[in-house]
Amino acid sequence: MTTLVDTKKLTMVQAVTDGMRVMMKEHENVIVLGEDVGQNGGVFRATDGLVAEFGENRVIDTPLAESGIIGTSIGLAMNGFKPIAEMQFLGFIYPAFNQIMTHASRIRARTLGHFTVPMVIRAPFGAGVRAPEIHSDSVEALFTGMPGMKVVVPSNPYDAKGMLVSAIEDPDPVLFLEPMRCYRSTKMDVPEGKYNVPLGKAARLQEGSDVTIFAYGAMIEVVMKAAKSAEEKGIKCDVIDLRSLYPLDKEMIAESVQKTGRAVIVHEAPGTGGLGETIMSLINDTSFLYMKAPIERVTGFDTPVPMFALEDHYLPSADRVVQAINKVTQF
Amino acid sequence: MEKLFPKMQIINENGEWNDETYRGEITEELTKELYTKMLRSRLFDRKGVNLQRQGRIGTYVPFEGQEASQIGSAMAMGEGDWMFPTYRDHAATMTFGHSLKTLFLYWKGRQEGCIPPKGKNIFPPAVPIASQLLHATGAAWAEKLKGTDRASIVYFGDGATSEGDFHEGLNFASVFNAPVVFFNQNNGFAISVPIEKQMKSKTIAQKAVAYEMEGVRLDGNDVFAVYFHTRTAVERARKGEGPTLIEAVTWRYGAHTTADDPSKYRNQEESVNRRETTDPILRLERFMKNENMWDEKWAADLQESLTLEIEAAVKEMEEAQAPHYKDVFDHVFAENPWPIESQKEAYAHSRGDR
C-alpha cells in the first residue's frame with residue numbers, strides 16, 4: 001500500500017505563501033516583514049492571509065524603506081528570529097544593497113561564526129509582465145558575486161515551496177528570487193505540509209544527448225519551447241533548470257556537458273558579468289576536452305531593461321534559443 | 001532649538017556642581033570607578049596610537065577626548081543588553097566587556113577582534129556609517145518581541161546623521177517602539193567636514209522631534225551627565241516607553257584615524273585649549289579635589305596598575321598565535337559551498353600543503 005500525500009493545485013505565488021505558512025506554523029521565530037505584506041497581503045498577494053493567521057507581530061507592515069527592512073532584519077536575525085524580508089521587486093532592492101553587502105553577507109565571516117544572519121530575502125524579478133520601469137530588473141549576478149549570499153530561483157510551484165522551506169531552514173542569508181512571469185502562469189500539484197527541495201541542486205527537466213540548455217526562472221518556459229522545436233528537427237536537448245545560482249550545481253552541469261559536448265546558456269540578465277560567464281568558466285574548468293563546439297549564450301543585453309513597449313526585444317525568445325541550438329549543433 | 005534642547009550638565013568644567021539632582025548617588029565609589037575607566041581607556045588609546053606609529057598594529061582610530069561620552073553611556077547598560085559600536089568606540093566596548101587584548105587584536109587586523117566574550121552582546125564595529133542603527137533597532141525589537149526588558153545602545157557620530165540609515169533607524173525604532181538608545185557623539189567633525197557643513201540644524205537632539213521620540217542634548221565631557229541621562233533613557237526603553245536620541249557634545253583631540261593630519265582642516269590650537277578647559281578626565285579630577293575624594297597616591301598607583309594591564313594586553317596581542325589561512329575560507333557559510341572549498345584546496349596546494 002502506498003501512502004499518498006495530499007496535494008493541492010497551486011500557482012507559484014500560492015506555493016510561496018504555503019511555504020511561508022508551513023514554516024511559520026512550525027517555527028514561532030519565523031516572521032515576515034516588508035512593504036504591504038500585512039493587511040494587503042503583498043503586492044502580488046504572496047503573503048495573503050498570513051496576518052490573519054499569525055498576527056501583526058509576525059507579519060509586519062514596515063515603513064517604506066528597503067535598507068530599513070534589511071537592516072532591522074539583520075538585527076532580528078542575529079537575535080533569534082528568522083526574518084523573511086520581502087522586497088517588493090528586485091529592482092527596488094538597491095537602497096538595501098549596502099546592508100546586504102557589508103553586513104548580512106559577511107557578519108559570519110567577520111566574527112568567525114560568532115554572529116550569524118539566518119534570513120531570507122524574497123524578491124519578485126524579471127521582465128515580461130508589462131510592468132512599469134525598474135520593476136523588471138534581473139540583477140541576480142550582483143548577489144551571486146557577493147560572498148556570503150546564496151541565491152536561488154525556482155521555476156515552478158513545487159520547487160518554489162520546497163526551496164523556500166529549505167531557504168528558511170538554511171543557517172545563512174538566502175536571496176530567494178521569484179520570477180514574476182511564473183507567478184500565475186501554471187498550476188501544479190503541490191504537496192501539503194512540509195517538504196524540502198535542497199538548495200544547490202539543479203534539476204534535469206528533459207533528457208537529451210545532443211546539446212545542453214542551461215536556464216532558470218522564467219527562461220525555463222522559453223527554453224522548453226525551443227527544445228521542443230529542436231526535437232522536431234531531431235536535436236535532443238538536455239534541459240537543466242539551474243535553480244541554485246550560488247552555489248551552482250557543478251556536478252550536474254559537468255555531467256551534462258560531458259555527455260552532450262555542447263551548451264547553450266540562457267538568462268534574461270545582461271550578458272556581461274552574468275551567470276553565463278560563470279557557467280562557461282565552470283565548463284572550462286571541468287569539461288574543456290569534452291566540448292565539440294564553442295558555448296553559446298542567449299542573454300539580455302548590456303542595456304537597462306527597456307520600458308515594456310520594447311521588452312520583447314530585450315528578452316531571450318524561443319527563436320533566439322533555437323538559433324543558438326542550431327549554431328552549436330552545426331559547428 | 002538650543003533653548004529647547006539645552007546642553008545638560010551635572011558638573012561644570014571646574015568640577016563644580018551645576019545640577020545636584022543625583023548628588024545622593026554620586027558617591028566616592030562611583031566617581032572613582034568612572035575615573036578609573038576613563039583613565040584606563042585614555043592610556044589604552046595613547047598606547048594604540050603609539051603602537052601604530054611603531055608599526056606594531058595597523059591604522060588606529062583614536063577617541064581621546066571622548067572618554068566621558070563612551071564610558072558614561074556604557075556604564076548605563078546592563079547584563080544582556082546589546083551594544084553596537086563604530087570603530088571609534090572601544091572605550092565603550094571595553095567598559096561593556098571587551099578585553100583589551102581583543103581590542104588590540106582588532107587593530108592588528110585580526111578577525112578575533114570582532115568576537116565579544118561569551119554572554120556579552122557586543123557587535124563588531126560598524127564601518128559603513130550609520131548602518132548599525134538599524135541593527136540596534138532590529139536587535140532591540142527582537143527583545144521586545146521576546147518579551148524581555150533588554151535594550152540596545154548604538155553609537156554614531158555627527159556625520160552619520162546625514163545618512164539615510166540614521167533616519168530609517170530612528171523611524172523604525174519609533175514606529176515599532178523598539179527599546180533603543182541612539183547615542184550620538186557629536187565631536188564636531190566628520191573626518192574633516194565641520195558640523196556647520198553637515199547640517200543646518202542647531203542641534204542633533206532636535207532630530208528626535210521628527211520621530212516623536214525623546215531627544216536629549218548633554219555635555220558629553222561630563223561623565224555624570226552622560227551616565228545619568230543615558231540611564232534614564234535605558235530605563236524608559238526597558239519600560240516600553242520607546243527609544244531616545246541622545247546627543248553628547250564632545251571633541252576628539254586628535255586625528256580621525258592615524259592616517260590623517262587634523263592640522264590640515266582645523267586649527268589644532270583648539271584641541272590644546274580644550275585639554276586645559278573641557279577635558280573629561282581633568283574635570284573629574286577637579287571635582288574629586290573639590291569633594292575631597294582625590295588622593296595623589298591612589299591616582300599614581302592607579303596609573304601604574306593600568307599601565308601594567310595595558311602592557312600585558314599588548315604582550316598578549318603580540319604573542320597571539322598567527323592566524324591560519326583556513327579562517328579566510330571556513331566562516332563565510334555554515335558549510336563551505338564547493339567554490340570556496342575548491343579555492344581553499346587550490347590555495348593549500350599552491351603553498352605545498354598537500
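Modeller: A residue is buried if 20 or more other C-beta atoms, placed from the backbone, lie within 10 Å of its own, exposed if 12 or fewer do, and partly exposed in between. By that rule, 57% of the 331 residues in chain A are buried. The model is predicted: local features need pLDDT of at least 70, side-chain atom pairs count only at pLDDT 80 or more, and totals for chains, interfaces and linings use all residues. Residues are numbered from 1 along each chain as its sequence is written, while chains are lettered from A and ligands numbered from 1 in the order in which they are written.

Colleague: Why is A:Met188 called partly exposed?

Modeller: A:Met188 has 18 other C-beta atoms within 10 Å. A:Met188 is placed in strand S8 (residues 188–191) of chain A. Two residues are in contact if their C-beta atoms lie within 7 Å. Leaving aside neighbours within four places in sequence, A:Met188 touches residues including A:Lys9, A:Asn156 and A:Tyr158.

Colleague: How do you know what size a compact globule of 331 residues would have?

Modeller: The rule is 2.2 Å times the number of residues to the power 0.38, and the radius of gyration is taken over C-alpha atoms. For 331 residues it gives a value near 20 Å; chain A has 20 Å, which agrees. Its C-alpha atoms fill a box of roughly 60 × 50 × 45 Å along the principal axes.

Colleague: What makes up the secondary structure of chain A?

Modeller: Twelve helices and 14 strands. Helices (H or I, at least four residues) and strands (E, at least two) are DSSP runs, numbered from the N terminus.

Colleague: Which residues of H10(B) are buried, and how do you know where they lie around the axis?

Modeller: Helix H10 (residues 280–290) of chain B has B:Pro280, B:Ile281, B:Arg283, B:Leu284 and B:Phe287 buried. Seen down the axis, they fall within an arc of 160°, so they line one face of the helix. The arc is that of the directions from the helix axis to the C-beta atoms. These residues pack against helices H1, H2 and H8 of chain B.

Colleague: What makes S2 and S7 of chain B edge strands?

Modeller: Start with the sheet: it is open, its six strands run in the order S2-S1-S3-S4-S8-S7 (chain B), and the pairing is parallel. Strands S2 and S7 of chain B each have a single partner strand, so one side of each lacks a neighbour in the sheet. Two strands pair if DSSP finds at least two bridges between them. S1(B) and S3(B) have three bridges, which meets the cut-off, so they pair.

Colleague: How many bridges join S7(B) to S8(B), and why is the crossover between them called right-handed?

Modeller: Six bridges, in the parallel sense. B:Val216, for one, has B:Ile246 as its bridge partner in S8(B). The chain goes from S7(B) through H8(B) to S8(B) in a right-handed β-α-β crossover. The term means that, with the strands pointing away from the viewer, the path from the first strand over the helix to the second runs clockwise. Five of the six residues of S7(B) are buried.
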